[in-house]
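Welcome! Take a look at the sequence and the model first.

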Amino acid sequence: MPWYYEMFDFLGEEYFTLLNREKIRKARREAGFILETLGLGPGRRVLDLCCGIGRHAIPLAKSGLAVTCFDHSRTLLEAAQREGIKAGVELQLVAGDMRELPWEEEFDAVINMWTSFGYLADDGEHCRVLENVYRVLKPGGKFLIDVPNRDWVARNFEAGREIREVGPVTEINEFGFDSLAGRDHIRTTYLKDGLERYFEHSCRLFTYQELAGLLAQAGLQVVKAYGSFDGRPVALDNKQLIILCRKPKVGGVS
Ligand SMILES: C[S@@+](CC[C@H](N)C(=O)[O-])C[C@H]1O[C@@H](n2cnc3c(N)ncnc32)[C@H](O)[C@@H]1O
């Protein structure tokens with residue numbers, strides 16, 4: 001089983017909420033940015049692709065959008081559902097792999113947040129995900145993707161070991177970076193409830209040019225790129241690479 005199926009499921013809701021209390025707060029602010037950049041009114045349909053515990057899906061649904069949550073981890077989808085009920089919103093939940101999306105021209109927008117892209121074996125597979133995004137969008141629909149900015153990572157990367165405590169979990173990370181493949185490589189040992197689990201995981205990191213190239217290959221047109229959720233430009237000093245793109249309207253005219 002690939003690490004990206006097993007690891008997130010193993011970590012589960014507790015890890016995500018403990019580690020990410022601050023991230024959950026941030027997601028509420030990020031949802032404001034998402035709403036503004038997508039520019040969608042109440043009732044429009046949004047797919048949160050790789051939604052995790054629904055950090056963004058819930059505030060977006062609260063603002064009136066009809067949100068479908070898609071993730072491979074049933075554990076995290078169940079957490080999203082519980083949190084959604086607590087927040088008084090209804091989410092549609094679908095489990096599956098991002099390479100196989102079961103829709104055709106259904107959504108006004110798709111979002112893919114917090115480094116949920118780049119795990120697969122090669123750029124052929126990454127492009128397959130983007131082709132799926134293209135297919136499930138209505139003509140003129142928008143796609144917002146948020147990944148680390150490889151320029152920033154390469155400039156600030158430090159190989160080595162880091163130990164951190166996340167509630168009941170001890171996490172030991174050893175970091176490596178493969179410049180030829182453009183991927184980080186992380187060996188992580190988790191110690192939880194007397195159990196030890198070891199994962200080797202790796203993520204393709206993209207420069208703006210590389211990701212814009214893949215998006216174009218899948219038929220998506222870049223509208224604007226940002227280096228942060230407060231709208232700063234993509235630059236060496238900005239950690240994030242957030243790209244808003246669009247599926248052209250019929251006949252390729254946007
Ligand atoms: C870093 S988390 C981000 C979650 C969420 N977007 C957020 O901002 O909190 C990555 C998510 O991608 C999901 N995932 C990983 N590989 C996947 C795949 N092949 N298909 C569908 N979901 C996948 C994981 O289960 C996990 O929930």
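In the hairpin of β6 and β7, which residue takes a positive phi? That residue is Gly167, with a phi near 55 degrees, in a hairpin that has two residues between its strands. Please keep in mind that this is a predicted model. The points below start with the ligand, move on to the sheet and its helices, and return to the hairpins at the end.

**Around the ligand**

- The ligand has 19 residues around it, and those that come nearest are Cys50, Arg55, Asp71, Met98 and Met113.
- Sorted by class, this shell holds ten nonpolar, six polar and three charged residues.
- Helix α1, covering residues 3-19, gives the most to the shell, with three residues.
- The protein buries 98% of the 600 Å² that the ligand exposes when taken alone.

**The seven-stranded sheet**

- Seven strands make an open sheet with mixed pairing, in the order β3-β2-β1-β4-β5-β11-β10.
- At the edges stand β3 (92-95) and β10 (221-226); each has a single partner strand, so one side of each is left without a neighbour in the sheet.
- From one strand to the next, the twist averages 20 degrees.
- Within this sheet, β1 (residues 45-49) and β4 (residues 107-112) pair in the parallel sense over three bridges, and Leu47 has Val110 in β4 as its bridge partner.

**Helices on the sheet**

- Helix α4 (residues 74-87) lies across β2 (66-71) and β3, and runs at about 175 degrees to β3.
- Helix α5 (residues 123-136) packs on the sheet too, where it touches β1, β4 and β5 (137-148), and its direction makes about 145 degrees with that of β5.

**The hairpins**

- Strands β6 (residues 160-166) and β7 (residues 169-178) run antiparallel and are joined by seven bridges; here Gly160 stands opposite Phe175 in β7.
- Ten bridges join β7 to β8 (residues 183-192), again running antiparallel, and Glu174 has Arg187 in β8 as its bridge partner.
- The hairpin of β7 and β8 has four residues between its strands, and Gly182 in the turn has a positive phi of about 70 degrees.

How values were computed. Residues are numbered from 1 along each chain as its sequence is written. This is a predicted model: local features need pLDDT of at least 70, side-chain atom pairs count only at pLDDT 80 or more; totals for chains, interfaces and linings use all residues. Side-chain values use heavy atoms; hydrogens and water are left out. A residue is near a molecule or strand if one of its heavy atoms lies within 4 Å of it. Accessible areas come from the Shrake-Rupley method with a 1.4 Å probe; for residues, only the protein chains shown count as cover. Ala, Val, Leu, Ile, Met, Phe, Trp, Tyr, Cys and Pro count as nonpolar, Asp, Glu, Lys and Arg as charged, and the others, Gly among them, as polar. Two strands pair if DSSP finds at least two bridges between them. Axes are lines fitted to C-alpha atoms, for helices over the stretch in contact, and angles run from 0 to 180 degrees between N-to-C directions. Contact means heavy atoms within 4.5 Å.
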